[in-house]
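Please work through each task before reading its solution.

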Amino acid sequence: MRVRFAGNCRPVHETKPFFSAPRDRDARPEKPVMNPRALPYILLAPATFFLCAFFLYPFVLVAWQAIATDEGELTTKYLSEMFTHWKFNTALTNTFWLVLAVVPIQVALSLLMATLVTKMQKGRDMVLYIWTIPLGISDLAAGLIWLTIFEQTGFLNSLLTNVGAIEEPIAFLGYESKGTIFLAVVLAEIWRATAIMLVILVAGMGLIPKEYDEAAQVFGASRWQRFIKVTLPLLKPSLQTALILRVILAFEVFAVVVALAGTNLPVLMSEVYNRQFDMQDTHVAAAFALLILVISVACTLVIMRALRTPKGASL
Amino acid sequence: MNKIASTITSPERHGVVGGEQRLVRIAFATTVIVLCLWVLVPIWLLIANTFSTPEEVNGFPKRFFPSFDTESVEFFLGFYGVGKALWNSIVVATLTMIMSIGIGAPAGYALSRFEFRGKSTFRILVLMTRAFPLPLLALPMAVLFLRVGLDDTVFALALVHTTLALPFAVLITFSLFSGVPIELEEAAWTLGCTRLKAFRKVILPLVLPGISASAIFAFVVSWNEVFAAAVLTIEHRTLPAFLLQSLDVAPLHLKFAGGAMLVVPALIFIFMVRKYLFAMWGIANR
Amino acid sequence: MAEIRITEVAKRFGSTTALHSIDLTIADREFLVLLGASGCGKTTLLRIVAGLETATTGEVHIGGKRVDTLAPKDRGIAMVFQNYAVFPHLTVFENIAFGLRMENMPQQEVDRRVNRTAELMHIEVLLKRYSGQLSGGQRQRVAVARALAMEPAVILMDEPLSNLDALLRMEMRAELKSVLAESDTTTIYVTHDQVEAMSMADRIAIMQGGRIVQAASPVEVYRNPAAHFVGSFIGNPPMNFLTAKNAGEGRWTVGGTTIDGPASQQATLQFAIRPEDLHLGDGGFKATVVVIEPLGPHTLVACKVDDQMFRVILESDTRVAPNDVIGIVPQTDRIRWFDPETELAVPGRQAA
């Protein structure tokens, strides 16, 4: 079919140039029309400013507040006040024990869940959604949820009474039962925060081509061996990320403890809160905050070192 | 040779003989179901408590199925300060949502489309936020806000929450924009679009679902945040701050109804964005 | 109306030079093909004309107006991308209409143009579909229709057929050529496929290492390659090359015989001839047969001359066997000579 384009061809536009044409052809600087040099910086500016003003600067301030008086003199008095306070050791040990109890179980549990879900075919989406529900649950709400279970008139006691295991409800969260309080907090934390690691590990597992597992099968490796020798090493980068994230969050444990134990189980973060809010003692609060900061950074570095993969040895 | 051949089966049925296969499958299914119940039952218990009468909540022993009474909920909603707290939560979360996307998306776009000096520095800055406990920010910010006269305002809290949500927003939008081939933009440029117009007409429609998901995620992060909210607000408390500060004195049914109020919207939101959850967390945390 | 003048255009990325001072003029309505291997700079040159990249030095003029500082949308060009870049969120109709909508064209005119170009590219039935529902070939047609609907002065095409399978490529080649021939546009077409270049171009500009080695019509490029590279790149099976030793007074020894050649003082020259420009006979080269490939319309015989691989195309009923020694005679007016150092063509001398 013969077609002639009617009318004239679209003419070259006589519009105002983006940049005026340089006189000396050879000396023209690179001024791209579609990619003005300044554009990325303009786009990045708000975020950079925001992070510097509301992230970098405050952290510097915290450190400063912990080691300097209002008049600007350097001092260690706030730090020593923190270290010598009668509650300090309890808070520190409680926090560390919590982290040590919770994190390894979460690692194992999330690895198990990630493995299960990766192998699922039907119903995978539904299960994944259910298992990631805790991601959307506030730590305060999680504390309250487990309160309904462990509370003196709570569901655990009801269950035990109904099956006739006990006569009277047990005060799981009572002042004297520090052990059960701790256990309750551990359970609540495991319940709440495993999903964070789960998501990262599932994404990491999804990146491992199944050919590696199949090759290991062909060479006679058992299920467990395949997991230890093939899956786990290839999962190292994700594990590293998940672990760092989880450990940092673990040292921040706060609302769950307060909801379940009130003041019966002091942790570092609750000390920060008390001093800042109740006692208006911002300097010592900052001292506690600095301590948490230092611990977090130290743990991050340790985990990064321990789980690093040599160049070229990852996927 | 035969032994190896018989072991090459689908990953599920790691090949030995029929009986063992079945056992493995049953163990598999049981574990999955148990873990699902492990997540769901506690939530149900909270909901059950919420829909019980106050007497039932404080009574003993508890029944597994409540009487589906709304008395506790009504009591909660009518309790002094709850309405305001709810409203504050909504306002702070909305502000966080708008600010984190408004500041984060341009940065995500710049990271995905341009090569420029300082790119890796910026990326390091964003990644660093993950090595630090962000709620602690509330402390120095409290001092700062006091000096600027912004203390105890929803806007101030929203600023802190945005700092919490911003790294996610940047990383998520970065991966979203990277998923759109630059050729689509270039084609639009040759068809009469300026850079901005091409963005509006071609990129935006394609990334809108993902950006909405990350906006909702920012909302949920702010909605749930406790520590900073408790430290920074007194008169204008958000719901989590309100609940935390009244934990000592509030009656049980109030606490649980409040907990449900925190949980249910988040549940719905997470359901809405579940498709993007993995893209967001999986990629954002690399 | 849409002559393209590229003057001394060079492109450097840091220490790498992608283009070395290109000079090229493309006449109005000419179909020019930029041909070369990956990395030769052809796509970079195209993108500079399009305005998607900026030249480090040099100027580009379209239709007499200088366009270096103009955005792509202001240059009067339309482009077809290698991966089609069909917008996934729009229907085929809206894709084709995209550029027209950007110009705020009245709906009637939009309908007219879209329907016409869709008919031209045989995709009228697909107008309501989305790109996810189309095959690669269909998407390619949409991309072309979208460019044509703009009725541009210049159409730029970046390897539009390279992602299609062989059969489809052949069909599209013919279709594209006829559609573009009937439009009034100047076309620059980038490809690495010399068959595409030969079949579609008015002129081919062969590029290597960021330079244009030769720009001429397909026949000219085929018959009179300006450099060794052109001779070996164009034509399948490729041109044969042998080293010829100077035998004095314009005579050269090659393949066991002495023939007339350029009056050069050089010790050696490269002798070149295409496989189809030789026939069996006496008085030519001595060749030992290695492999015989009966291809149907003719037989391709790979043999050794002067211990080098040499290919001859002979009649399909030729009877030769491996290890036979045959005599092959080159057609004298098709012999070409190249300088072994500069690799450029050396004007020969017709045998008396």
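This is a predicted model, in which local features need pLDDT of at least 70, side-chain atom pairs count only at pLDDT 80 or more, and totals for chains, interfaces and linings use all residues. Residues are numbered from 1 along each chain as its sequence is written, while chains are lettered from A and ligands numbered from 1 in the order in which they are written.

**Exercise 1.** Determine how many helices and strands chain B has.

*Solution.* Helices (H or I, at least four residues) and strands (E, at least two) are DSSP runs, numbered from the N terminus. Chain B has 14 helices and 0 strands.

**Exercise 2.** Classify the packing of helix H5 (residues 139-150) of chain A against helix H7 (residues 178-206) of chain A.

*Solution.* Step 1: the axes, lines fitted to C-alpha atoms over the stretch in contact, with angles from 0 to 180 degrees between N-to-C directions, lie 10 Å apart at an angle of about 130°. Step 2: H5(A) is therefore oblique to H7(A), since angles under 35 degrees count as roughly parallel, over 145 as roughly antiparallel, 65 to 115 as roughly perpendicular and the rest as oblique.

**Exercise 3.** State which residues of helix H2 (residues 92-102) of chain C are buried, and what they pack against.

*Solution.* Step 1: a residue is buried if 20 or more other C-beta atoms, placed from the backbone, lie within 10 Å of its own. Val92(C), Asn95(C), Ile96(C), Ala97(C), Phe98(C), Gly99(C) and Leu100(C) are buried. Step 2: these residues pack against helix H3 (107-120) and helix H4 (136-149) of chain C. Step 3: Asn104(C), with a positive phi near 55°, follows H2(C).

Conventions: A residue is buried if 20 or more other C-beta atoms lie within 10 Å of its own, exposed if 12 or fewer, and partly exposed in between; C-beta atoms are placed from the backbone. Two residues are in contact if their C-beta atoms, placed from the backbone, lie within 7 Å.
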